[in-house]
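Trainee: I would like to learn how to read charged side chains in a model. Please show me the structure and take me through it.

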Amino acid sequence: MNKSEGLPIRPYARLLTMLGDQLIKNECVALVELIKNAYDADSPWVKVCIDGVSRGKVQDQTITIEDAGCGMSEDVILKHWLNPATPEKRLRKNEDRGTTSSGRILQGDKGIGRFAILKLARKIEIVTRPKGGDSEFVIAYDFSKYDDEFLSENHKPKSLFLDALRVDVTKRTPRIFLDRKVNLGVATVKAPCCGTRVVLHDLKSKWTRALVDDVGTDVAYLQPIFDSPKARKDYSDPKEGFSVSFYVDGEREAIQETYIESLRTLLDNSSVVRITDGRFNASTMSFTFCQGGRASRTIKISDSVFRGLYVWKRQFKNRDELNWRPVCGSFKFQFYIFDFSATAADKYALDKDQKDIIKRHRIYLYRDKIRVYPYGDPTDDWLGVDMLRGTISAGMFLSNNQVVGCVDISQKDNPSLKDKTNREGLIEEGEATKDFIFLLQLFLSYVRNEAYRKYLEDNKTKNAVSIVASGAVEKSLNAVKVALESGKIGEAKDAIGQASKFYKAESDYMQRRVRITEDLAGVGLSVETASHDIMGMMSKVLLNLDGLIRELVAGDEINRESLLRELQSLSSGMSFIDRQLRDIQLLFTSSKQRRRSLDVRSLIEKVAAIYGRLLKKHKIQFSIDEPRGASPLKAKTTDAVILQLLINLFDNAVYWLSTIDRNEKEIRILLDGDSGRMIFSDNGPGVRKEDKPFIFEPFYSGKGEDGRGLGLYIARKLLERHDYGIELAETSKERRLSGANFVVSFVAEED
């Protein structure tokens, strides 16, 4: 080559294999592509017939796909059908004409879906008649003389270019698309004189009963299965809907429709959480949805219920959450959550067959009411749920098995969410698909943490209450006794297992009740001292306020400086009350309180302030010691645990110090962050030897009638919940003063 010249690109014929056989995942996806062509052609129905399955020989099998769409004209066949990657549909979408004459959204736009037929067969005959045309056209493919990759012809190697392949196109007087009637299940419809029929011979795969069932399932799920079907009024009108009739060896297949009806029944009656009418609004950055049929509610994604979730924290670990805007667009959704456990409430309990039906489904994705494959398949995990459950925590996320749902997107609202060329989901490049999946993970994580968690807690309590109320433990033990007396060892073993199960449930329930009782008792004891100061200050503020009102009513002239001083005094009193009440609020254990690293010294100073009046009244010196160079003492727990512990220790120390006549009374607290310990000491009378084994027991008190015997017991129980502990000091090294000395360890057992 002596000079530059323009050369054409000539693809080899094996490109068809890549566009069809290799690009398309399986026979189901290939068949769905042909059905989508009928949908885009405005056909109101498609009839799929697979013949020869019962004979079992692939050479005897054929597949026919027939529709009543607009058909193809000679111009469409020559300029578009025979040209790979035709841009015709893409151009129509770009010009905002991406709809059919009946208003359907065009599904295809890549111009290669027609080559899905090469995944299915080597010999293809297409008969088509355009709407309003007086002729029909026959397009015949016969690639049986080539190998599957077009690398040989009649078993002889050959370098074959794409333009060397020949497809026969014949124009003829209509023979197929005349006045005719077509059976579509129980209905026989009058078909129009237009449409397309595709007949596949020399199939590449043997169609077994199992393959037919798989394909039938996917065809049945092509359109949304969650809405109740509407009765069709006219099978000739595409505006009435789109139906697919599936026939095998002349018999209509209706089994998948039965499964769909069974699923709808389970969705309505057996799901423990139902999220319907859901929508994410990209402009307002919020989720709107109905739960369990109740009124619609809206939550912005910046709400604390989302921001506290792991999915949110992972997304914005190294990103600016304030300026983040999802590029995926708005979308709709509905989710149904099931309880597969053996302890499910009776109303939601599922048998094996029902569980199998639910397991056939996942979360489907539909674009303009047509499914995006393979999302929704039982083995597909497009939202990464299994990965999150396996690497983070199974308890934080719903499992794939227990969630059935659908997400609806559209070409109008979600132009950045594009299908892969191989029809295997959404293109994952860029941020659109990542944002889309993140938002769905976030919402489902919220459902697990809020609605489903509440269901589990309520169900657990109801089960336990039922067991306690019915005396199930006693009945099971009686059954054990009867079985043993009768020599029925097998029945006795079963009864023991049942009794053990009931006992555990009853024990857990009782322990929860004890914890609640302990928390409430601890708060009551702790508030007693703090409330004395609050009531005293309230009385003082009210007296000053009444006096001020009387002076204002009686006086002729107001001294602004005096009034300002009085108001400042009232404000100071109210501030004191506010601080005290805020500190008391921390005593209440709540689900809103989370374990966090707390500075023990700051909490001690809070409690010392609460007891300031009593310390001053009884002339008790108070001090905090920290070893030089030691780290500050930290405790990973809640404010309520530390505050109730300290209030009980202060309360006991002040009481016993008030009983002695001594000039120097002292409370000294040692904080050692390096060892994770606090030693609380006083120089009072100390713990009597005979009391030492019992001081942490409930309702035992050395104070006589003045004591309730709950303070130290509750303090120990609260600490034990966090794997911490409290003991009497045993060694002289631990004892700081001559009276009572308590050693509190803030080092968890596993540490």
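Trainee: Which backbone oxygen lies 3.3 Å from a polar atom of the side chain of arginine 129?

Mentor: A polar contact is a pair of N or O atoms within 3.5 Å; within protein, one must be able to donate a hydrogen and the other to accept it, and residues adjacent in sequence count only if both atoms are side-chain atoms. Here the oxygen belongs to cysteine 193, 3.3 Å from the arginine 129 side chain. That side chain also reaches the backbone oxygen of glycine 133, at 2.9 Å.

Trainee: How far can I trust such values, and how do I find the residues?

Mentor: This is a predicted model, where local features need pLDDT of at least 70 and side-chain atom pairs count only at pLDDT 80 or more, while totals for chains, interfaces and linings use all residues. Numbering runs from 1 along each chain as its sequence is written, and side-chain values use heavy atoms, with hydrogens and water left out.

Trainee: Where is arginine 129 found?

Mentor: Arginine 129 sits in strand E3, residues 121-129. Strands (E, at least two residues) and helices (H or I, at least four) are DSSP runs, numbered from the N terminus. Contact means heavy atoms within 4.5 Å. Leaving out residues up to four places away in sequence, arginine 129 touches residues including Asp134, Glu136, Phe177 and Cys194.

Trainee: Which side chain of opposite charge is nearest to arginine 129?

Mentor: Side chains of opposite charge can pair when their charged atoms come close. Lys and Arg count as positive, Asp and Glu as negative; His and the chain ends are not counted. A salt bridge needs a side-chain nitrogen of Lys or Arg within 4 Å of a carboxyl oxygen of Asp or Glu. For arginine 129 the nearest is glutamate 136, 5.9 Å away. Arginine 129 is buried (under 20% relative accessible area; exposed is over 50%, partly exposed in between; 1.4 Å probe, protein chains only). It has no salt bridge.

Trainee: How many salt bridges does the count come to?

Mentor: The count is 20. One of them joins glutamate 33 and lysine 36, at 3.8 Å, N to O. Both lie in helix H2 (residues 27-40), 3 residues apart, about one turn of the helix. Glutamate 33 and lysine 36 are both buried.

Trainee: Are aspartate 179 and lysine 190 buried or exposed?

Mentor: Aspartate 179 counts as exposed because its relative accessibility is 64%. Lysine 190, at 56%, is exposed too. Their closest N and O atoms are 3.9 Å apart, in a salt bridge. This pair links distant parts of the chain: aspartate 179 is in the loop between strands E7 (168-172) and E8 (180-184), and lysine 190 is in strand E9 (residues 187-191).
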